[in-house]
2 protein chains.
Amino acid sequence: MTAAVLCIGTELTRGELADTNGPWLAARLTELGFQVARVEVVPDDEGEIVAALRRLSERASVLVCSGGLGPTTDDLTAAAVARALGVPLVCHEPSLEAIRRRFERAGREMSPSNSKQAELPEGAQALSNAAGTAPGFAAFIGDCRAYFTPGVPRELEHLWEAHIAPRLRSVAVVTSHQVRLRTFGLPESAVGEKLAGLEEQHAGLTLGYRASFPEVEVKVHVSATSQADARQTALVVAEEVRVRLGAAVYGEGGDTFPLAVGRALRSRGWRLAVAESCTGGLVGHLLTRAPASDFFVGGAIVYANSAKTRILGVNEETLRAHGAVSPEVARAMAEGIRRAAEADVALSVTGIAGPTGGTPEKPVGLVHWAVAHPGGTSVTTRVLTGDRGQIQRLAAYVGLSLVREIALEERSSSLLRVATSG
Amino acid sequence: MTAAVLCIGTELTRGELADTNGPWLAARLTELGFQVARVEVVPDDEGEIVAALRRLSERASVLVCSGGLGPTTDDLTAAAVARALGVPLVCHEPSLEAIRRRFERAGREMSPSNSKQAELPEGAQALSNAAGTAPGFAAFIGDCRAYFTPGVPRELEHLWEAHIAPRLRSVAVVTSHQVRLRTFGLPESAVGEKLAGLEEQHAGLTLGYRASFPEVEVKVHVSATSQADARQTALVVAEEVRVRLGAAVYGEGGDTFPLAVGRALRSRGWRLAVAESCTGGLVGHLLTRAPASDFFVGGAIVYANSAKTRILGVNEETLRAHGAVSPEVARAMAEGIRRAAEADVALSVTGIAGPTGGTPEKPVGLVHWAVAHPGGTSVTTRVLTGDRGQIQRLAAYVGLSLVREIALEERSSSLLRVATSG
C-alpha cells in the first residue's frame, strides 16, 4: 500500500527550519509496511495546501500531514482540508472543552485564537492531543485515509502513537524485510559492481546504497507475499552480500566502525593508544563517541613537531633527517605512545591534510600510519584524495582498520588498497 | 519568481536518512529572492521521478533536483529527465574524460558503472563537478529552468556555488539582503527573547534562527524595494543584534567557533595545548578542522586513569584522593600538559559524559575545565545536560570559550552561566 507525507509551513519552504517530521513519518510508515511514494513540503498557503491534498490523495491510500494547526493566522490546514472536501468548518465541542481545561490547568486565560483550534472540517474525526492544545483529525479525501497533526514534533509523535499508528496497523499489510549491512574499504561504485546481477536473481529484491563518507551502507530490501518469505530471502541475500564484499562488511544495522574496532581489540584483551598528527584528535573522538574505556587508553595529539619530541620522545635527529611526515617518524610515534601509555597496541597517523603544506615529494594527502603491537611494528603509506576534512576522516578510518586487521589477524592488504579512493 | 526543490532517494522516502539538501536548497533559493512553492521527496523510481519533474516544472520557473546521479543501478535521475524530455541519454565526452582523469589521479581503475555517470539527456548542459565523480547538468523542462546535482551535500554545495547560483543570480530579482550572525553561549529561546520586538521595528525584516548544537545562528533577512535599501537595513539590524546578544556573537557568515578561538590566541601570540579526558580528542579535532599550527601545539587524550598518570604525570595520590573527575585533577592535567608540551596556555577537560558512570555525588554531565596560562590556572565546574554526544560537544565548546575569554581578557562569567542550558 502506498503512503504519502505532507509537511506544511513557510518556515520549511524558506529553509529556515529543516523538516524533521517528514523523515520521521516516512520511517514510521515504512516500518508499518507502507511504500512511501512522496514526501512534500508546502508553504502556509491555502491554495498550495488544497492542491497538495488533492494531488497526494489521488496518488496514495494513506496520507499523513503535519503542521498548520496552530492558533495564528498563518495556520490554514483545517480550512484547506474543508475546502478540499467541500464542507464547512464546524466547532468540535469536546475539543474546545479540552482546550479550555488545558488553559485552566496552566492557570492561563484562553485567547479567542485558541478556540479556532477546535474548528474542524465537518465530518472529520477529532484525534485528542494530550501533548498540546490543537487536536489532530482524520478524514477520507476520496479513497485516501488522511491524518492531520500539529507540526510540533512532540505532539506529532504523541498523536502518531496514540491514534494514527493503531488505526494504520489494521490496514497495513507487512510483507517486506530489510537488512542493513555496514561496510568500509570499498568505494560505492566497487560495492555496486560486486553486487551486480544479484537483484535479477531474487524476485522482490531491491538493493539500496547509502554513502556516508567514508562508509557505504548496503540495504537489502525484499518484498514478498508474506513477511516470513521476505525475511528468509533477505537473510539469504545478506549472506551472499557478505561473501561478495568480504572483509569490507564490518557490521549490521546500527553498528559503527569504531565499535567494530573495539570488538576486535576486546577479543584480544588489547588496549589501544593513539598518536595523532594530521588527524588532530579525530581518531580518539571516533573511538570515544561510545564508552570505550575497556579498549582505549588515550594518547597524544602531536600536531606541532615540538609536541612529537616533548610528549612522545621522538628523536629530534629522526625528525630533522626524515621530516615529520615520514615512515620513520610514524614508527617512532607509535612505539613512543605505546611505551608512554603502557598500551598493548598503538596507532600513529602522520600526514599532510592540506590544503597547504604539500610539496612535489610530499603531496597533500600523503599519510603514514604505524601500528606497534606485541608482534612488532608495521608501517603503511598511502596518498589519499579529497579535501582536508575527507583526508582527515579517511586517515582516521584507515588507521582504525589497520588496528582492527592486526587484532583480527586478517591482513588483507587488498581491502586497504581500495579504501583510499572515493 | 517561483522555485521548487526535488530530492530523489528511496533512503529519504523510507526515512532512513533525513533530507538536508531540501532545506539547504530552499534556504539558498530564498536568499536569491525566489519564492519556494514546494519541496518534494520521491523514491528512486523512474516513473515517480518523471511525474515529479512534470508536476514541478509546470508549477515553478526554477527547479533544483538533488540525488540519483551515482554509479549504481538505483541511480535513475538522468534517465528520468531524458524520458520527461523525450530525448535519449548520450555520453558527454568531456565529462567522461574528467571522470577518467579523476580515477587516474587516484591511481584507481575506472569501472564501467562510473562511465554511466557521464551519460546525460541529449541537449542538457553539463555542470562540471570538481568535488566528485558525477557531473551535474542543466536543462529546460518546458519553460522551467531545471538543475540536477548529486545528493552528496558537499558536491551539491560545490555545484550550487560554481554553476547554479551564478546562473540564477542573472534571472532572479534580488531586493533582499541577509546577514548571518554566529553565536555560542545562549540557548535558542534566550536568543529569541533578547531579540523580541525587533521585527516590528523594521519593515521587511525577518529574523531566522538555526540551532546547530551547541551553536545558534541568527539570520537577519531584509526585503526592500531595492537591494541597497535591504542591505542598509540589514547592517543596521545586525549591529543591534550584536549589541543585544553581546559576547555570544563570535562571528559572521562562514566563520567557525574554533577559528574565533584561534584568532584570540593569535592576537596574544599564544600557542595552546589540550588534555582531554571525557571529550576523547574532540577539542583537538575541532581545532584542527582548519590548519591551526600557528596557535595549536597538540596535547594528550587521557581517557584512562593510567594515561593521566603516565602521559601527564598526574599524581596518583591526587587521583586516588579526589577521583579522576575533580577540580584538582583538572588543574593537574592542564598544568601537566602546559609543561609537557611547552605551551603558553593549556586547557584540560575531565567529566562524566555518560550514559553510565554517574553517581549521586558525581552525576552524568559533571565536567571540570582548567585553563593554565601565564597569569595562573583557573578551574571551572558545571553540570551539563544532554546525551553523551551533546555533553562531549558542549564540554569541548565551553572549554574553548574559556580559553578564548582568557585570551581576550573578557572574563564574562555570565556568558558561561547560560552556555550549559538547552
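Strand 3 of chain B, residues 62-66, is mostly covered, with five of its five residues buried. Here "buried" means that 20 or more other C-beta atoms lie within 10 Å of a residue's own, "exposed" means 12 or fewer, and "partly exposed" is in between, with C-beta atoms placed from the backbone. This is a predicted model, in which local features need pLDDT of at least 70 and side-chain atom pairs count only at pLDDT 80 or more, while totals for chains, interfaces and linings use all residues. Residues are numbered from 1 along each chain as its sequence is written, and chains are lettered from A and ligands numbered from 1 in the order in which they are written. Helices (H or I, at least four residues) and strands (E, at least two) are DSSP runs, numbered from the N terminus.

- Which residues of strand 3 of chain B are buried on each side? Val62(B), Val64(B) and Ser66(B) are on one side, and Leu63(B) and Cys65(B) are on the other.
- Two strands count as paired if DSSP finds at least two bridges between them.
- Strand 1 of chain B (residues 2-8) runs parallel to strand 3 of chain B, and five bridges link the pair. Within this pairing, Ala4(B) has Leu63(B) as its bridge partner.
- Strand 8 of chain B (residues 144-149) is also parallel to strand 3 of chain B, again with five bridges. Here Ser66(B) is bridged to Thr149(B).
- Strand 8 of chain B pairs with strand 7 of chain B (residues 136-141) too, in the antiparallel sense and over five bridges. Ala138(B) and Tyr147(B) are bridge partners there.

**The sheet shared by both chains**

- These strands belong to an open sheet of twelve strands with mixed pairing, in the order 6(A)-7(A)-8(A)-3(A)-1(A)-2(A)-2(B)-1(B)-3(B)-8(B)-7(B)-6(B).
- Strand 2 of chain A meets strand 2 of chain B (residues 35-42) in an antiparallel pairing of three bridges. Glu40(A) has Glu40(B) as its bridge partner.

**Where the chains touch**

- Two residues are in contact if their C-beta atoms, placed from the backbone, lie within 7 Å.
- How many residues does each chain give to the contact? Chain A gives 65 residues and chain B gives 70 residues.
- On the side of chain A that touches chain B, strand 2 of chain A supplies the largest share, seven residues.
- That side of chain A has 30 nonpolar, 22 polar and 13 charged residues. In this count Ala, Val, Leu, Ile, Met, Phe, Trp, Tyr, Cys and Pro are nonpolar, Asp, Glu, Lys and Arg are charged, and the others, Gly among them, are polar.

**Nonpolar cores**

- A nonpolar core is a set of buried Ala, Val, Leu, Ile, Met, Phe, Trp, Tyr and Cys residues joined through C-beta atoms within 7 Å.
- The largest core has 160 residues, and Leu272(A) and Leu272(B) have the most contacts inside it.
- A second, separate core has 96 residues, including Ala80(A), Val42(B), Leu120(B) and Phe148(B).

**Helix 15 of chain B and the residue after it**

- Helix 15 of chain B (residues 327-340) has 14 residues that should span 20 Å at 1.5 Å a residue, and its end C-alpha atoms are 20 Å apart, which agrees. The expected span is 1.5 Å times one less than the number of residues.
- Ten of its 14 residues are buried, so helix 15 of chain B is largely enclosed by the rest of the structure. Among the buried ones are Val329(B), Met333(B) and Ile337(B).
- Glu342(B) follows this helix, and its phi is positive, near 50 degrees, in a residue other than glycine.
- Glu342(B) is partly exposed, with 15 other C-beta atoms within 10 Å.

**Cis peptide bonds**

- Gly354(A) and Pro355(A) are joined by a cis peptide bond with omega of about 0 degrees. Pro355(A) sits in the loop between strand 15 (345-351) and strand 16 (366-373) of chain A.
- In chain B, the bond from Gly354(B) to Pro355(B) is cis, with omega near 0 degrees.
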